[in-house]
Amino acid sequence: MLWTYTKKTAFYLLVLVIIVESVFPFYYAILTSFKSGTSLFQVNYWPTMISWDNYAAVFQNGSFPQNLLNSVVVATLTVALALLFAVTAAYALSRVRFRGRSLLLLTILSVSMFPQIAVLAGLFEVIRTFGLFNTIWGLIFSYTIFTLPFTVWVLTTFMRDLPIEIEEAAIVDGATPWVIITRVFMPLMWPALVTTGLLAFIAAWNEFLFALTFTSSNSTRTVPVAIALLSGASQFEIPWGTIMAASVIVTVPLVVLVLIFQRKIISGLTAGGVKG
Amino acid sequence: MTTETSAPPIGVLAKPAQPIKSELFVSRTRAAMLFLVPMIVALAVVAGWPLYRTIYYSFTNASLSDLAAAQFVGFKNYFSWITLKSGRTIYSGVLADPQWWNAVWNTVRFAVVSVVLETVFGTVVALVLNAEFRGRGIVRAAILIPWAIPTIVSAKMWGWMLNDQFGIINDIFLHLHLIDHKIAWTASGDTAMIAVLVVDIWKTTPFMALLILAGLQMIPKDIYEATEIDGINPIKTFFYVTLPLVRPALMVAVIFRVLDALRIFDLIYVLTPNSAQTKTMSVISRENLIDFDKFAYGSAESTLLFLIIAGITILYIWLGRVNLAGGDN
């Protein structure tokens with residue numbers, strides 16, 4: 001009896017450790033973001049004050065609202081582009097038999113394993129040639145490298161599992177492949193589209209290396225770069241309060257999104273991982 | 001692979017019985033090709049061509065300000081030597097650069113330690129989530145938070161927690177008498193790598209846990225009933241039953257993480273800038289490419305990183321016979 005209780009206590013203790021360890025850093029960031037003045041530099045474990053000074057400072061920082069807008073536009077358009085290209089490609093890869101299909105799938109998968117740095121030099125040249133340097137279009141363009149392979153891969157596995165009969169019925173009714181995709185498959189694919197779209201959105205929202213390299217002015221930067229480069233009045237003074245407020249602002253929407261769609265996200269992650 | 005999701009044989013439709021290809025088959029194939037074009041073009045422009053150009057520039061003397069003036073110099077960026085009149089030989093190039101080898105060592109050290117610890121912690125969390133208890137949903141939601149937080153934000157958050165003067169970590173450790181003076185975790189050479197590892201493990205263990213959990217959930221429950229009836233203790237069950245069965249899922253998760261860890265950039269760039277003890281291959285490549293105006297040299301470094309990662313992937317697929325193409329046949 002005693003042994004069962006000890007076991008149970010140990011288990012719940014472990015559960016507690018996992019929860020606290022996962023949540024605490026974010027909790028502490030929120031705590032810090034609501035402090036101002038000298039209280040910022042006192043270590044507190046519980047909320048002591050609520051001051052909106054840091055949030056006000058973030059939005060008066062000039063370019064931050066613009067950075068936020070850039071991030072939203074870049075992530076949204078990246079997702080739209082990836083889904084558009086991926087749905088049609090996934091149809092061809094999953095439903096039509098042609099020579100070289102396995103090789104093509106393997107190539108797509110290997111692109112998703114490219115180290116981003118390996119294409120940085122070449123992509124820098126391409127972006128400059130197209131005149132996309134220091135624009136958000138250059139970012140949308142370059143983000144295709146990691147969103148597209150993943151999206152194609154997951155949608156292909158998903159489409160492969162859809163029953164063949166509905167497609168046969170559509171063909172008998174004289175539907176063209178384009179009609180089959182838009183009218184027959186799309187309605188069935190919403191769950192997969194939402195999942196891959198969300199994961200692609202998160203990846204684009206968080207991306208740092210390309211955003212850092214392909215933009216050079218405050219007004220074109222995305223939020224991660226803006227946060228990384230936030231500096232205080234002097235070089236030696238790091239504005240921790242403002243940084244934490246900015247961090248909370250960009251993270252809260254993501255956390256809410258992830259918690260709402262957690263089942264879909266987990267299934268998407270494991271589809272990309274376990275199956276791929 | 002673990003899940004053989006082989007689709008119903010598509011050939012039923014695509015392969016007509018008679019040797020002459022039907023009109024339907026031809027038009028379908030043509031449409032399929034057409035549908036593939038945008039994706040292939042997009043990938044060629046953002047991945048294929050840039051990769052080729054990176055490799056090309058690694059054999060030139062290109063500089064960031066004037067890429068067009070690049071001239072072919074052979075392997076000079078990789079390795080070259082001059083013998084002076086005095087008889088002394090001076091080696092140059094990436095392969096003779098101690099900074100490069102330091103970066104390689106940092107990357108390998110980081111990748112091995114982080115992936116091993118993430119696998120262990122990930123397995124523990126996955127086992128917890130696989131058990132049935134009240135509040136399981138809360139744990140799952142909680143572990144998704146580190147995963148959802150952008151890497152830059154987690155680097156800043158932890159940078160603040162690990163701050164030498166005002167950081168909460170030093171405060172906790174002082175109260176617990178684990179340390180007797182405040183430590184500059186991110187700035188000091190001895191602890192910078194530890195700081196990077198802590199943040200990376202914190203952020204990536206959830207991903208690992210979820211992948212392993214997916215593997216655990218595919219193990220049929222009656223196997224555990226059988227071990228229980230046979231009175232085998234849980235630890236033995238884990239090592240002789242659970243681990244072998246979850247191995248395929250575990251292997252895929254590990255390779256994904258290894259490839260990811262080898263190219264790490266953002267966390268180190270933000271958390272421990274300027275620390276020679278944490279500079280990885282990606283960090284040093286970008287430094288040369290963009291900051292130091294050694295575009296060609298940086299290209300050579302990125303090419304080497306690409307080769308290392310490609311080599312490991314091929315080795316892994318070959319050794320593990322991992323069928324990455326899934327149920328495609």
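Helices here are DSSP runs of at least four residues, and strands are runs of at least two, numbered from the N terminus. On that count, chain B has 12 helices and two strands. The model is predicted. Its scores are ipTM 0.88 and pTM 0.87.

**Fold of chain B**

- The C-alpha trace spans about 75 × 75 × 35 Å along its principal axes.
- Buried residues make up 40% of the 329 in chain B.
- Take the contacts in chain B between residues at least 6 apart in sequence: 65% of them join residues at least 24 apart.

**Confidence in chain B**

- The average pLDDT of chain B is 84, and 91% of the residues score at least 70.
- Among the elements of chain B, helix H3 (residues 98–130) has the highest mean pLDDT, 93. Helix H1 (residues 11–14) has the lowest, 46.
- Residues 1–19 of chain B stay under 50 in pLDDT. The model still gives this stretch 36 contacts beyond four places in sequence.
- Residues 324–329 of chain B also have pLDDT below 50. Beyond near neighbours in sequence, they have 17 contacts in the model.

**Contact between the chains**

- Chain B brings 91 residues to the contact, and chain A brings 79.
- H2(B) gives the most to the side of chain B that touches chain A: 20 residues.
- That side of chain B divides into 64 nonpolar, 17 polar and 10 charged residues.

**Where H5(A) meets H2(B)**

- Two packed helices are described by the angle and the distance between their axes.
- Helix H5 (residues 116–129) of chain A and helix H2 (residues 23–57) of chain B have axes that come within 7 Å and cross at roughly 105°.
- Angles of 65 to 115 degrees count as roughly perpendicular, and H5(A) and H2(B) are therefore roughly perpendicular to each other.
- From H5(A), the contact residues include Ala118(A), Gly122(A), Glu125(A) and Val126(A). From H2(B), they include Trp49(B), Pro50(B), Arg53(B) and Tyr57(B).
- The residues of this helix contact divide into 13 nonpolar, two polar and two charged.

Notes. Residues are numbered from 1 along each chain as its sequence is written. Chains are lettered from A and ligands numbered from 1 in the order in which they are written. This is a predicted model: local features need pLDDT of at least 70, side-chain atom pairs count only at pLDDT 80 or more; totals for chains, interfaces and linings use all residues. Axes are lines fitted to C-alpha atoms, for helices over the stretch in contact, and angles run from 0 to 180 degrees between N-to-C directions. Angles under 35 degrees count as roughly parallel, over 145 as roughly antiparallel, 65 to 115 as roughly perpendicular and the rest as oblique. Two residues are in contact if their C-beta atoms, placed from the backbone, lie within 7 Å. Ala, Val, Leu, Ile, Met, Phe, Trp, Tyr, Cys and Pro count as nonpolar, Asp, Glu, Lys and Arg as charged, and the others, Gly among them, as polar. pLDDT is the predictor's confidence in each residue, from 0 to 100. A residue is buried if 20 or more other C-beta atoms lie within 10 Å of its own, exposed if 12 or fewer, and partly exposed in between; C-beta atoms are placed from the backbone.
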